[in-house]
Amino acid sequence: MKVLILGASGIIGSHLKITPHPGILATYHTGRGACDLTDPEARDALLESVKPDVVVNLAGESRPDIVEANPAAYECINSIVPSYLSDWTERNSGHLIQVSTQAVFGGPEPYSQPPYSATGSILQPVNAYGRQKEEGEVNAGLGHQGGMWKWDARRMSVTFIRPTFVLGIRPDPTVGRPNPVELMLGGHKQQVNDRWFSPSFAPDVASLIWDVCS
């Protein structure tokens with residue numbers, strides 16, 4: 001099985017690289033000197049050259065403060081590119097794994113509170129990043145009605161994964177954001193006191209993606 005992993009330079013992509021899955025031939029698109037995924041010709045050329053059975057889309061700008069400062073700069077990669085990837089996999093009998101975020105959720109309590117569910121949580125993103133990722137999911141084929149998710153029967157070849165805040169030891173210190181332990185060990189001032197939430201751990205997310213691929 002051939003798998004194309006887009007946006008593989010982040011922490012999830014790094015953990016996919018160090019945990020190769022038997023029987024899967026993976027091609028990693030890192031974004032560093034690679035093709036511009038917002039360029040239709042370059043993107044299609046990449047897809048046609050690899051001809052993957054599965055496309056894992058990790059590409060995009062995931063820092064909410066950066067997106068908030070200039071939403072237009074990231075609209076295409078976060079919101080529009082997933083539509084083209086979904087179209088390509090649909091035409092070529094492939095499968096798209098669209099990696100999204102819990103930031104698509106919001107709305108009034110209790111629907112805005114974790115744990116989130118695919119059918120019981122309301123979509124009301126509170127920032128530009130969440131809105132762009134919600135649009136990306138809709139464009140890839142996951143519609144919603146009245147703020148709740150509704151499957152688009154035309155797009156059954158897409159899997160959506162929404163990891164929460166992803167933590168993990170970075171194989172490369174230049175990859176991703178340092179986690180709180182790294183910051184404290186590096187002498188940074190403690191950023192938070194007690195914080196209760198459900199993070200995702202990069203090795204677990206990587207394992208889940210490989211399981212979905214296979």
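Residues are numbered from 1 along each chain as its sequence is written, and side-chain values use heavy atoms, with hydrogens and water left out. Because the model is predicted, local features need pLDDT of at least 70 and side-chain atom pairs count only at pLDDT 80 or more, while totals for chains, interfaces and linings use all residues.

Q: What makes Lys51 and Glu48 a salt bridge?
A: A salt bridge needs a side-chain nitrogen of Lys or Arg within 4 Å of a carboxyl oxygen of Asp or Glu. The side chains of Lys51 and Glu48 meet at 2.8 Å, N to O. The pair therefore qualifies.

Q: How many salt bridges does a search of the whole structure find?
A: It finds three. Side chains of opposite charge can pair when their charged atoms come close.

Q: Why is Lys51 called partly exposed?
A: Buried means under 20% relative accessible area, exposed over 50%, and partly exposed in between (1.4 Å probe, protein chains only). Lys51 has 44% relative accessibility, so it counts as partly exposed.

Q: Where is Lys51, and what marks its backbone?
A: Lys51 sits in the loop between α2 and β3 (54-57). Helices (H or I, at least four residues) and strands (E, at least two) are DSSP runs, numbered from the N terminus. Phi of Lys51 is near 50°, a positive value in a residue other than glycine.

Q: Why does Ser93 count as exposed?
A: Ser93 has 72% relative accessibility, which is over the limit for exposed, so the word applies. Ser93 is in the loop between α4 (75-91) and β4 (95-99). Ser93 has a positive phi of about 55° although it is not a glycine.

Q: Why is Glu137 called buried?
A: Its relative accessibility is 0%, so Glu137 falls under the limit for buried.

Q: What makes strand β1 largely enclosed by the rest of the structure?
A: Four of the five residues of β1 (residues 2-6) are buried, so the strand is largely enclosed.

Q: How do you know that β1 and β2 pair?
A: Two strands pair if DSSP finds at least two bridges between them. β1 and β2 have five bridges, in the parallel sense, so they pair. Within β2, Ala26 is the bridge partner of Val3.

Q: Why does Ala45 count as partly exposed?
A: Ala45 is at 46% relative accessibility, in between the limits, so it counts as partly exposed. Ala45 lies in helix α2. The C-alpha atoms of Ala45 and Cys35 are separated by 9.0 Å, and the residues are 10 apart along the chain.
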